[in-house]
Structure formats: C-alpha cells, structure tokens
Amino acid sequence: DIGALEVLTGKVRAVFEEKPPTDENPLKNRILELLSRSTSKYAMKAEIWQMYGDCHAQFGDQKKVLDIRQRQLRAAQKADWQKDETSAVAVVDTLECLVPEYIKEGSPRSKFAAKSAINNTIKK
C-alpha cells in the first residue's frame, strides 16, 4: 500500500537524520529492498519512485538517484498527463528533482539530457 510506504519512508528519514546510515546498517538494505520490490509492483506510480530516490539520496548513491529520477519522470508522464492539472504538477515536480541530479552529474551528456527533458515536457 502506497500510504504505508509513505509512512515508512517518513520514519526512515527521521531515524537517519539522527544517525546517518552506513553500509553496515542492516536497516538500510532492508529499506532499499522493500522499496525496490514496491517499484516492481507499482512501476507506474511516480510517488513510489520518488520515495525510492529520496532514500538513495539519503544514502548518498547519486548515480542510482539519477536513474530513479528518470524512471520517476516516465511514471509521472502517464497518458494525457498534460490534460490533467494534478498530473501536470506531478511532472513539473519530478523535473524539479531530476534536473539538479543531471547537473550534479556534470557531464555534457547529462546537461543535454536535462535540456531535452525540459524541452520535451514543454512541447506537451
């Protein structure tokens, strides 16, 4: 259930604000495993991808975060998203998460990908 995952993710953030995660922390691996399975079950739910990306960002895995944010954008851009205000806002919010990840990566290819993602969204 998405609601339960949101609660779990919020609790995880609170715990890791007090004690930053380490690779040895068994909770880290369990959380990532749970979210990974959830993305398989709810592949077209941008909210799940966002939570998964937020957790990887918390754990410092920037390469994985970029990949997840791309998947989050694809999930947010469901059929006719541009005709529904809620869906359009979700796409823009996702771009606000994705573009900084491209910029952090810093390669010319990533910068071009950021530009393309923005332009493709504007065209819709």
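These legends walk you through close-up views of a predicted model.

**View 1. Helices α5 and α6 pack against each other.** Start with two helices, α5 (residues 85–105) and α6 (residues 108–123). Their axes are 8 Å apart and meet at an angle of about 165°. An angle over 145 degrees counts as roughly antiparallel, so that is how α5 is placed relative to α6. The crossing of α5 past α6 is left-handed.

**View 2. A closer look at the residues between α5 and α6.** Which residues of α5 meet α6? From α5 come V91, L95, L98, V99, Y102 and E105. On the α6 side you will find S110, A113, A114, A117, I118 and T121. Sorted by class, this contact has nine nonpolar residues, two polar ones and one charged one.

**View 3. W49 and Y52 form an aromatic pair in helix α3.** The structure holds one aromatic pair, and here it is. The ring centres of W49 and Y52 lie 6.3 Å apart, and the ring planes stand at 50°, so the pair is tilted. Both residues belong to helix α3 (residues 46–59). Because W49 and Y52 are three residues apart there, about one helical turn separates them. Are these two residues buried or exposed? W49 has a relative accessible area of 7%, so W49 is buried. Y52 is buried too, with a relative accessible area of 7%.

**View 4. H56 is a buried residue of helix α3.** Stay with helix α3, and you will come to H56. Its relative accessibility is 7%, and the cut-off for buried is under 20%, so H56 counts as buried. What does H56 touch, leaving aside neighbours within four places in sequence? Its contacts are L32, D61, K64, V65 and I68.

**View 5. R69 is a buried residue of helix α4.** R69 counts as buried because its relative accessibility is 5%. Not counting residues up to four places away in sequence, R69 touches W49, Q50, G53, D54, T94, C97, L98 and E101.

Notes
Residues are numbered from 1 along each chain as its sequence is written. This is a predicted model: local features need pLDDT of at least 70, side-chain atom pairs count only at pLDDT 80 or more; totals for chains, interfaces and linings use all residues. Side-chain values use heavy atoms; hydrogens and water are left out. Helices (H or I, at least four residues) and strands (E, at least two) are DSSP runs, numbered from the N terminus. Buried means under 20% relative accessible area, exposed over 50%, partly exposed in between (1.4 Å probe, protein chains only). Contact means heavy atoms within 4.5 Å. Axes are lines fitted to C-alpha atoms, for helices over the stretch in contact, and angles run from 0 to 180 degrees between N-to-C directions. Angles under 35 degrees count as roughly parallel, over 145 as roughly antiparallel, 65 to 115 as roughly perpendicular and the rest as oblique. A crossing is left-handed if the near helix is turned anticlockwise from the far one by less than a right angle, and right-handed if clockwise. Ala, Val, Leu, Ile, Met, Phe, Trp, Tyr, Cys and Pro count as nonpolar, Asp, Glu, Lys and Arg as charged, and the others, Gly among them, as polar. Rings of Phe, Tyr and Trp (its six-membered ring) pair if their centres lie within 6.5 Å; planes under 30 degrees apart count as stacked, over 60 as edge-to-face and the rest as tilted.
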